[in-house]
Amino acid sequence: MLIINCPHCGPREESEFACGGEAHIARPLAENSISDAEFADYLFLRDNPKGLFLERWRHSAGCRRWFNIARDTVSHEIIEVYPMGALPRKKDALATHAASWRRDTAAEKAAERAAQKAQKPAQKPAQKPARQKAAAKKAPGKRGGK
Amino acid sequence: MGLMKAKPAAQQMRRRSSGGRIDRTKPVTFTFDGRSYQGYEGDTLASALLANNVHLLGRSFKYHRPRGIVGSGSEEPNALIRLGRGAYAEPNLRATQIELYEGLYAESQNRTPSLKFDIGAVNSLLERFFPAGFYYKTFMWPASMWMTYEHVIRRAAGLGRVADDHNDPDRYEKAHVHCDVLVAGGGAAGLMAALHAGRSGARVILADEQNEFGGWLLAENDTRIEGVDANSWIAGMVADLAAMPEVTLLPRTTVFGYMDHNYLTLVERVTDHLAERPAHLPRQRLWKVRAGQTVLAQGAHERPLVFSGNDLPGVMLAGAVRHFINRFGVLPGNRAIVVTNNDDAYRTAISLNEAGANVVVADLRIGASGPLITAAKDAGIAVMAGHAVTLADGNHRVARVEISAVNEGATQITGDTVHMDCDLIAMSGGLSPAVHLHSQARGKLAWDDRTLCFKPSATHEASFNAGACNGSFDLGAALREGARAGVKAATAAGFKAFTSIETPALDTPKQSWRPLAAWKITNGEEPGRGPKAFVDFQNDVTASDVALAAREGFQSVEHLKRYTTMGMATDQGKTSNINALAILADALGSEIPEVGTTTFRMPYTPANIGAIAARDIGHLFDPTRLTRMDEWHRANGATFEHVGQWMRAWYYPQEGETMAEAVNREVLAARTTAGLLDASTLGKIDIRGPDAAEFLNRIYTNSWLRLGIGKCRYGLMLKDDGMIMDDGVTTRLAEDHFHMTTTTGGAAGVLDWMEEWLQTEWPDLKVYLTSVTEEWSVATLSGPNAAKILEAAGIDIDLGASSFPFMSMQEAHLGGLPVRIFRISFTGELSYEINVKARHGLALWTLLMKAGTDFGITPYGTEAMHVLRAEKGFIIVGQETDGSVTPPDLNMNWIVSDVKADFIGKRALARASMSYDDRKQLVGLMTTDSQRVIPEGAHAVIDPDQPMPMEMLGQVTSSYYSPNVGASIAMAMLKGGHSMLGSKVYFPMLDGDVIEAEIVEPMFFDAKGERING
Amino acid sequence: MADIMTGDAMLPGRSALAGRAGMNVAAPDGGKTGLRVQEVAHIGKINIRGTKSIAKVIWNHTGCDFPPANNMVSSAGARHIVWLGPDEALLLCEAGMERDLRRKISADLAGQHFAATNVTDALCVLKVEGPDVRAVLAKGCALDLHPGKFGPGQCAQTVLAHAGVTIIATDENCFLLICRTSFAPYTLDWLQDAALEFGFVFQG
């Protein structure tokens, strides 16, 4: 039984949380022309590594907020808790993100394009600087994110 | 009159006249195997039986050999007994850990018909046919016979029998506990650790499996600490600890599990030791501890020596013998042989001698010397250096030994063999630190060549090892380590601990802790020949079994464990592990550290399932959620069904009605007069924000942007794989405000699902979600008289179809209650879902029932609701769908927008496999015999005469008798069903009968929808 | 937070645990009852979602901080704001004031992104107190309830046995438990069973 440090409520028992599986899976949009096989990378394929893993958790019995953690699946050590939509700061965790096979998938690239496209029309002039700043912090695809 | 208790036979003949921690003024009567005995308060069952010269306590697991008491605590592998009677009986308890109480009732195990004459012992005569892996080898083939074999094996090879009554009548508790420092083990090191940690102000829990703290010190009458005897020193320490407000002392508490992030499980035996158990107290209590730091101080286990006949009753561990003499005032034998490879057993020899026994020491070490050896010799004890017990013999108890001169390592007899009579053998093969918890917590171990044991080397959790469990067997070292560990742990937990550590002044025998490596003592014959020498008593594994397994290729220690069963069951290798590893290493020509050790798993000693479940049983096993109208349903004779955690009224039988009759009546009423349903359990979610409509547009498959205010719309929610996950009606309350309903079972999941998308994928959408399921009570009024009843109840709005059309919502007052009325229908009839603040739920229900009296209002339950919606072909998510069903499969393409660029599940629906012809599709079924109802779940076939296994088309998802249609109706998911309209399908039943049905559109009543406006 | 529990304004209608009675268990040693439970039916509840931008308006109407400090309750007289999450809190107010208060807050926040939802009937508030209250709660709650770790004014959303609850410490040996009303009968049954060894009293 892990203790997970909820970024809002503080350290709580694992039983208060729900695990959302692999983090940083960008969602391609329906209009993206990718093949069924490429779409399957997003829909079905999940990593299950021995060692450091970036995953999504939700404090389901507490504040109900989602966040990411970097957890060693062997030692169960949690080396970092970080917000949705951000990348980890710890070097090992960042390297794990960069090294994922998923970064090269068509689904991921399509989601990245979709995210960029979606942001343009949404931008209102007055909010422009703030939005860009927020977007810069985000992982490729908002669900990186997810 | 004249009834007299049978006078117990000669009592406690092995009890010493003085000494020990028992109270001789408080005799206790108990029963073992039908015979009455006497012991004293302070005894364990084991010490009381030994006091009565009872050594034979059970039969062994495989060979049914007679077995007695080996140890004195949780390391006991043999003396497993069944305690208590009837529903209270509990098997496989160690006699060495059962505290004696008045009226205790115990039985030996694993013997038929009696302990002294056991039919199963014939296994012992056939021992050549019971080699390692016997069961695997013999009962492998044919596989079809396994069921038969298993039955026999389970009976022959099991340990104890569980209680006859399967309902455990005892009460158990469990609780979460937090502490800064948990100290596991209250011996010398643990007491010091707890004291030093406690002084810092840290919250400390000190747990010990025995009834009193002190560990081995309780039996060391040759030791003085701080100028007082060991027992007085312990009492002083415990008093100091008890005075600290943040220290919790838990005697009779075993730390049995050590999991990730310093989560430990303890079981406290609260009333097991009491003859009269207060009703308000639990029998046992599970403590679920989160510890900042832990100090592991569980001590060590003494190892047996492996010689022929070492499993006879009367062959005991030397330390245990000393324990029985000094702690319990019991002399287990008068003619004792002490056989040892180390110094420590000499303390037992001296205790035996002081207690009046004849003692001979056989010391495997040729040049044994030192102060303890000298002291023993000075006391007149015969010491035979370079000798070993090469054979122990006897019937139900050891009676004779062969002692032979042996070489170093005891692999060969090098000189004469002498025969001696004896009634006790005290053996010592050195000590093994109790590293179980450390190992459970994935701490690492390292082999120590000097003390011949595995010691903790590195911890994985926030943990410190101290004392004998850290390989520090010397008392002074243990006290120092304990104190240091206490300081370190408190400091690591953030407390300021005293750094100066006072080690108490000690007066205790000087001894060496270096045993001789002698793992298997020869019996003078070829290896594998001659009487058995046991390594694992509990699992009946011999030295030859280990060697045989190695020869057969089971060379990994983990394979050896599973093949021979060594180190399994309740014992977890406490006494056997190291001897087995050493013998395996020898067989492989390897070294112990290279062979490694098996993983110690929790529990350290068995824990009761009762304690783990505690109050999670019966009505508290899972919450029952009730609606605010529940009282009425209950008072009016409703029967209930569970829907998720909700308890919903199922149907309302009237006097003498069967379920079918009641449901038919309710179903007819809803279409002829009016029916009233408690629909409060539907999930309700308040959705607010400028992007609320856009959000719904993405969550649902259909369009939401242009829904008018006050209008309702049905929506279907998919997962991103295109499969249906929920449905419901959502109403626009304002431009930026919606009221969503979900299925009863899906409510929590849908809220979580939508929050997930908002938080992780669309954080730019301005939408807030709030669950309001319980804020509203809902009564659904349905049927031709529905509007009349509302009028009768007093409604302040116009119910005409033009001013209050289908699929819209109005706020109103009904009988003075402020309500929201949704004109939506799950029956196809004129129907109103009336929402009221939940505090008025019961008032609303009774108001409608009263107003409807003259209009034939009939309360209906979930069963009638199912029939009514099936008559209209409406699906229920989770009944027609199972997570593999898409909207097209249900012929619901009409609800899937092809205009929207995206919604959850859109891309997945375009996958090639989603349009395969053989997907299961929703159809209706009419049975040829109109009165025959197909069982739900029945599988359809095209040709019922085909050979088995038949090709199955799919399954019936809903099936009822419809009184409104006057026939049986059903819905099914069949492969390619949409193109099979008009075809016949068949449902073979288990009894050979076949039901025939025609595939029809899933719409059985009012196909044109003419009744919706009443 | 004493005043909110002694207020005598009652809401019309029927409370979640109305009709529950006869549950008392005498203290086994004849001494003080270990756990006393009371349904606090007369209390208004508004769930608030929003960011710091609505703090001023909320303060104007309640005198309480929005959002309160993490895991804390912000109190002003009879009004309290219970922290539930970074953009969510529960406003407790005098019984019967919740509709009006919600309307006023909403009016002042018109055009801003927020949600103020009346959840008075959705949630059940139980006052649990007594010398053994922490021991009882620890049987179903994994939080560290040591007075030094969870003192007056602190709150947490967590799980009690199998029901989601918000726990608020109001005094050394007194807590408020807030659960969904559908779970209230279960929670009450659970509390009674867990208090058997200490004695139990329920006042509806």
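**Figure 1. Overview of chain B.** The secondary structure of chain B comprises 24 helices and 50 strands, where helices (H or I, at least four residues) and strands (E, at least two) are DSSP runs numbered from the N terminus. This is a predicted model, in which local features need pLDDT of at least 70 and side-chain atom pairs count only at pLDDT 80 or more, while totals for chains, interfaces and linings use all residues; side-chain values use heavy atoms, with hydrogens and water left out. Residues are numbered from 1 along each chain as its sequence is written, and chains are lettered from A and ligands numbered from 1 in the order in which they are written. Taken along the principal axes, the box filled by the C-alpha atoms of chain B is roughly 115 × 75 × 70 Å. Of the 1014 residues in chain B, 61% are buried; buried means under 20% relative accessible area, exposed over 50%, and partly exposed in between (1.4 Å probe, protein chains only). Among contacts in chain B with a separation of 6 or more, 66% involve residues 24 or more positions apart, a contact being heavy atoms within 4.5 Å.

**Figure 2. Surface and charge of chain B.** Chain B exposes about 38,700 Å², of which carbon and sulfur atoms supply 53%; accessible areas come from the Shrake-Rupley method with a 1.4 Å probe, and for residues only the protein chains shown count as cover. Chain B carries 97 positive and 117 negative side chains, and the centres of the two sets lie 4 Å apart. Lys and Arg count as positive and Asp and Glu as negative, whereas His and the chain ends are not counted. The place of a charge is taken as NZ of Lys, CZ of Arg, CG of Asp or CD of Glu.

**Figure 3. Surroundings of B:Leu890.** B:Leu890 is found in the loop between α23 (862-871) and α24 (906-909) of chain B. With a relative accessible area of 5%, B:Leu890 is buried. Leaving aside residues up to four places away in sequence, B:Leu890 touches B:Ile724, B:Ile875, B:Thr881, B:Val885, B:Leu922, B:Met973 and B:His978. B:Lys1008 is 118 residues away from B:Leu890 along the chain, and their C-alpha atoms are separated by 19 Å.

**Figure 4. The five-stranded sheet of chain C.** Five strands of chain C form an open, antiparallel sheet in the order β3-β4-β5-β2-β6; two strands pair if DSSP finds at least two bridges between them. The edge strands of chain C, β3 (73-76) and β6 (115-118), each pair on one side only. From one strand to the next, the twist averages 20°. Strand β2 (residues 44-49) of chain C pairs with β6(C) in the antiparallel sense over four bridges, and C:Asn47 stands opposite C:Thr117 in β6(C).

Figure 5. Seven of the seven residues of β4(C) are buried, so β4(C) is largely enclosed by the rest of the structure. Four bridges join β4(C) to the antiparallel strand β3(C), and C:Ala76 has C:Arg79 in β4(C) as its bridge partner. β3(C) and β4(C) form a hairpin with two residues between them, and C:Gly77 in the turn has a positive phi of about 60°. β4(C) and β5(C) run antiparallel and are joined by five bridges, with C:Leu90 in β5(C) as the bridge partner of C:Val82. The hairpin between β4(C) and β5(C) passes through two residues.

**Figure 6. Helix α3 of chain C and C:Lys104.** Helix α3 (residues 98-108) of chain C lies across β2, β4, β5 and β6 of chain C, running at about 165° to β6(C). Axes are lines fitted to C-alpha atoms, for helices over the stretch in contact, and angles run from 0 to 180 degrees between N-to-C directions. C:Lys104 belongs to helix α3 of chain C and counts as partly exposed, at 44% relative accessibility. C:Lys104 and C:Ile58, 46 residues apart in sequence, lie 9.9 Å apart from C-alpha to C-alpha.

**Figure 7. The six-stranded sheet of chain C.** This open sheet of chain C has the order β8-β9-β10-β7-β1-β11, with mixed pairing. At the edges stand β8 (155-160) and β11 (200-203) of chain C, each with a single partner strand, so one side of each is left without a neighbour in the sheet. Strand β1 (residues 35-39) of chain C and β11(C) pair in the parallel sense over four bridges, with C:Val37 opposite C:Phe202 in β11(C).
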